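This report walks through the helix packing, the strands and the nonpolar cores of one model. Please keep the structure in view while reading.

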Amino acid sequence: MCILALSLECVGCSAWSNTSEPKTTKSGFYFDTIISVTLYGTTDASAIDECFQMADRYEKLLSNTVPTSEVSQINEKAGTGEYVTVSPETLELLEAGITYGDLSHGSFDITIGKLSALWNFSEIAKNIENDGNETDASVLPSEEKIAELLSHVNYKNIEISGNRVRLNDENAMIDLGGIAKGYIADQMRTLLNEKGYTRGIINLGGNILTLGPKDDGNDYLIGIQKPFGESNETIGAVKVSDASVVTSGIYERYYRVDGKLYHHILDTRTGYPCENNLLEVTIISQFSMDGDALSTTCFALGLEEGMALIESLEDTEAIFVTDDNEIHTSSGFGNSVEFVKE
């Protein structure tokens with residue numbers, strides 16, 4: 001998932017911009033996006049280098065675009081009855097994906113890979129040069145092909161036996177893109193905490209995870225992207241400490257045909273982009289993997305069902321932005337989380 005929550009610290013809008021405390025920041029390119037890790041109170045970048053080594057390892061384990069990854073091996077053997085022995089990390093992510101499939105009643109489904117590839121939003125949007133992302137109808141998949149691939153989207157076709165996994169439908173494909181970056185961010189935080197680093201920001205292509213409070217004990221300010229705004233334009237910010245902030249929105253990967261917008265968040269009931277009057281959903285949670293999955297899930301469920309799901313979960317809050325630019329926040333705001341509007 002390509003997420004666009006911004007750390008205000010990165011654009012000089014939080015208290016960090018006024019501190020003389022040493023810090024170190026490094027960036028790299030993984031998961032088809034730019035990631036960065038910032039640590040405060042140190043100029044030693046060796047721990048960040050270890051985070052990037054972790055990112056490289058996980059990409060090689062989990063990406064369905066890496067032919068030798070464990071996920072690609074499962075997909076290659078789909079429908080053959082053969083199991084693939086996987087690492088504990090891959091197993092944990094697959095089990096989490098199944099859990100969110102159950103929680104969302106299938107709105108979140110990690111076997112959506114072939115349907116997502118059919119729509120090909122990333123490549124099409126990347127190759128459109130006009131301001132409105134307007135293109136012609138030739139890019140749209142046929143109704144018949146959408147229906148065909150949709151019939152194979154069913155996470156219950158994933159079978160797990162110990163540390164062995166198989167996919168029982170040869171026409172399905174596992175894609176962990178909606179959950180993997182959050183999981184990796186959580187693993188990076190654990191690594192850094194074990195090394196004694198308790199203040200900083202992990203940004204995996206917009207999946208923001210903060211370490212602890214700032215040195216003065218105050219929360220971080222994390223900006224929430226304004227839908228279709230400039231890259232650093234926000235609708236406001238959340239104040240968080242040792243928490244994850246993840247946003248999913250229709251402006252991330254999209255194109256228009258005859259003025260109609262087609263975006264990358266697909267409705268598993270129809271096979272088409274979700275149409276529910278939402279522009280974006282932001283999840284504030286303890287763990288980034290939860291935020292990653294829930295941002296997509298709640299978007300797909302829509303405002304009413306998505307908000308009901310959030311209210312049923314502990315230590316989890318959400319911001320929904322509807323297409324009339326109204327901001328809807330869950331009940332924990334003003335208590336466990338503060339949202340500062342622009």
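Two strands count as paired if DSSP finds at least two bridges between them. The model discussed here is predicted.

β16 and β17 form a hairpin with four residues between them. Within that turn, Asn325 has a positive phi of about 65 degrees. β16 covers residues 316-322, and β17 covers residues 327-329. Three bridges join the two strands, which run antiparallel. Ile319 stands opposite Thr329 in β17.

β16 also pairs with β15, residues 278-285. Here seven bridges are found, again in the antiparallel sense. Glu280 stands opposite Val321 in β16.

Is β16 enclosed or open? Seven of its seven residues are buried, so the strand is largely enclosed by the rest of the structure. Thr316, Ala318, Phe320 and Thr322 point one way from β16. Glu317, Ile319 and Val321 point the other way. Residues of both sets are buried.

**Other strand pairs**

A hairpin is also formed by β2 and β3, with two residues between the strands. Phe31 takes a positive phi near 55 degrees in this hairpin. Tyr30 has Thr33 in β3 as its bridge partner.

β5, β13 and β14 make an open sheet of three strands. The order is β5-β13-β14, and the pairing is mixed. β5 (134-135) and β14 (260-263) are the edge strands. Each has a single partner strand, so one side of each is left without a neighbour in the sheet. Tyr254 stands opposite His263 in β14.

| Strand pair | Residues given | Bridges |
|---|---|---|
| β2 and β3 | 23-30 and 33-40 | eight |
| β15 and β16 | 278-285 for β15 | seven |
| β13 and β14 | 254-257 for β13 | four |
| β16 and β17 | 327-329 for β17 | three |

**Helix packing**

Two packed helices are described by the angle between their axes and the distance between the axes. The axes of α1 (residues 46-62) and α7 (residues 180-194) come within 10 Å and cross at roughly 145 degrees. The crossing is right-handed. From α1, the contact draws on Ala47, Glu50, Cys51, Met54, Ala55, Tyr58 and Leu62. From α7 come Ala180, Tyr183, Ile184, Gln187, Met188, Leu191 and Leu192. By class, the contact has 12 nonpolar residues, one polar and one charged.

**Nonpolar cores**

In soluble globular proteins, nonpolar side chains tend to be buried together. The largest nonpolar core in this model has 83 residues. Those with the most contacts inside it are Ile174, Leu176, Ile179, Met188, Leu192, Ile202 and Val238. Which helix gives the most to this core? Helix α8, residues 288-311, does, with 10 residues. Beyond its neighbours within four places in sequence, Leu176 is in contact with Leu62, Val71, Leu93, Leu94 and Ile110. A second, separate core has 14 residues. Ile128, Ile146, Tyr255 and Leu266 are among them.

**Glu144**

Glu144 lies in helix α6, residues 143-150. Is Glu144 buried or exposed? At 58% relative accessibility, Glu144 counts as exposed, because the cut-off for exposed is over 50%. Glu144 and His263 are 119 residues apart in sequence. In space, their C-alpha atoms are 19 Å apart.

Terms used. Residues numbered from 1 in each chain as written. Predicted model: local features only at pLDDT ≥ 70, side-chain atom pairs only at ≥ 80, totals over all residues. Heavy atoms only, no water. Buried < 20%, exposed > 50% of the residue type's maximum accessible area, 1.4 Å probe, protein only. Axes fitted to C-alpha atoms, helices over the stretch in contact; angles between N-to-C directions. Left-handed = near helix turned anticlockwise from the far one by under 90°. Contact = heavy atoms within 4.5 Å. Nonpolar A, V, L, I, M, F, W, Y, C, P; charged D, E, K, R; others polar. Core = buried A, V, L, I, M, F, W, Y, C linked by side-chain atoms within 4.5 Å.
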